[in-house]
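Please open the structure in your viewer and keep the sequence panel beside it.

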Amino acid sequence: MTVKPARDELTPDSPLPEPLAGLGDAVEVQIRRAPADRGIELAVRLRDGAQSPVTAGTRRLAGRDPHQAIRAALREAKQLLETGEVLHPDSPPTTRTTAVNKPLQMATRQGRREGRL
């Protein structure tokens, strides 16, 4: 992911932003300058290697896929570095569950893990 921080505050030697630091030793993070002075590149990958497709699919459906956590941490780190705050999806316009807004509520809950829909 390419990040254009508001200040030049992220270097390979600097501490990681909190969302990425929260992943701990389970991931490997690489920080480097983006080509043509376009900001900073953040690359994150799991240390424990590849997962089987069956296991990955089951974990994803259960909401425990480590790749979801990595995507969420990258998205939050990008927002923190570029704007100084983490933006969250809007709440549904109604708090009462109905047959019509149930899909919207489910999509919004999923969006918090996967990004804005």
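The tour below begins with the whole chain, goes on to the sheet, and ends with a loop and a helix.

**Before you select anything**

This is a predicted model, in which local features need pLDDT of at least 70 and side-chain atom pairs count only at pLDDT 80 or more, while totals for chains, interfaces and linings use all residues. Residues are numbered from 1 along each chain as its sequence is written, and side-chain values use heavy atoms, with hydrogens and water left out.

**Stop 1: the whole chain**

Show the chain as a cartoon, and you will find four helices and three strands; here helices (H or I, at least four residues) and strands (E, at least two) are DSSP runs, numbered from the N terminus. If you follow the chain from the N terminus on, the elements come in the order β-α-β-β-α-α-α.

Of the 117 residues in the chain, 26% count as buried, where buried means under 20% relative accessible area, exposed means over 50%, and partly exposed lies in between (1.4 Å probe, protein chains only).

A contact means heavy atoms within 4.5 Å. Among the contacts in the chain with a separation of 6 or more, 50% are accounted for by residues 24 or more positions apart.

**Stop 2: the sheet**

Select the three strands together, and you will see an open sheet in the order S1-S3-S2, with antiparallel pairing. Strand S1 (2-3) and strand S2 (27-33) each have a single partner strand and stand at the edges, so one side of each is left without a neighbour in the sheet. Two strands are said to pair if DSSP finds at least two bridges between them. In general, the strands of a sheet pair through backbone hydrogen bonds, either parallel or antiparallel.

Next, select S2 and strand S3 (residues 40-46), which pair in the antiparallel sense over seven bridges. On the other pairing, S1 and S3 are joined, also in the antiparallel sense, over two bridges. Click on Glu-41 in S3: Arg-32 has Glu-41 as its bridge partner, and Thr-2 stands opposite Glu-41 as well.

Stay with S3 and colour its two faces, for the covered face carries Ile-40, Leu-42, Val-44 and Leu-46, whereas the uncovered one carries Glu-41, Ala-43 and Arg-45.

**Stop 3: a salt bridge across two strands**

The structure holds four salt bridges, each being a side-chain nitrogen of Lys or Arg within 4 Å of a carboxyl oxygen of Asp or Glu. Which residue stands opposite Arg-45 of S3? It is Glu-28, and Arg-45 also forms a salt bridge with Glu-28, the closest N and O atoms being 3.1 Å apart. This pair links distant parts of the chain, with Arg-45 in strand S3 and Glu-28 in strand S2, 17 residues apart. Arg-45 is exposed, at 52% relative accessible area, while Glu-28 counts as partly exposed at 23%.

**Stop 4: the loop between S2 and S3**

Move along to the hairpin of S2 and S3, which has six residues between the strands. Select Ala-36 in this loop, and note that Ala-36 has a positive phi of about 60° although it is not a glycine. Asp-37, found in the loop between S2 and S3 too, has a positive phi of about 55° and is likewise not a glycine. Most residues other than glycine have a negative phi. Ala-36 counts as exposed at 64% relative accessibility, and Asp-37 is exposed at 58%.

Show side chains here, and you will see those of Arg-33 and Asp-37 meet in a salt bridge (3.7 Å, N to O). Arg-33 counts as partly exposed, at 49% relative accessibility.

**Stop 5: helix H3**

Finally, select helix H3 (residues 66-83), which lies across S1, S2 and S3 and runs at about 160° to S3. Axes are lines fitted to C-alpha atoms, for helices over the stretch in contact, and angles run from 0 to 180 degrees between N-to-C directions.

Within H3, pick Glu-82 and Lys-78, which lie four residues apart, about one turn of the helix. Their side chains meet in a salt bridge (3.2 Å, N to O). Glu-82 is partly exposed at 30% relative accessibility, and Lys-78 is partly exposed at 24%.
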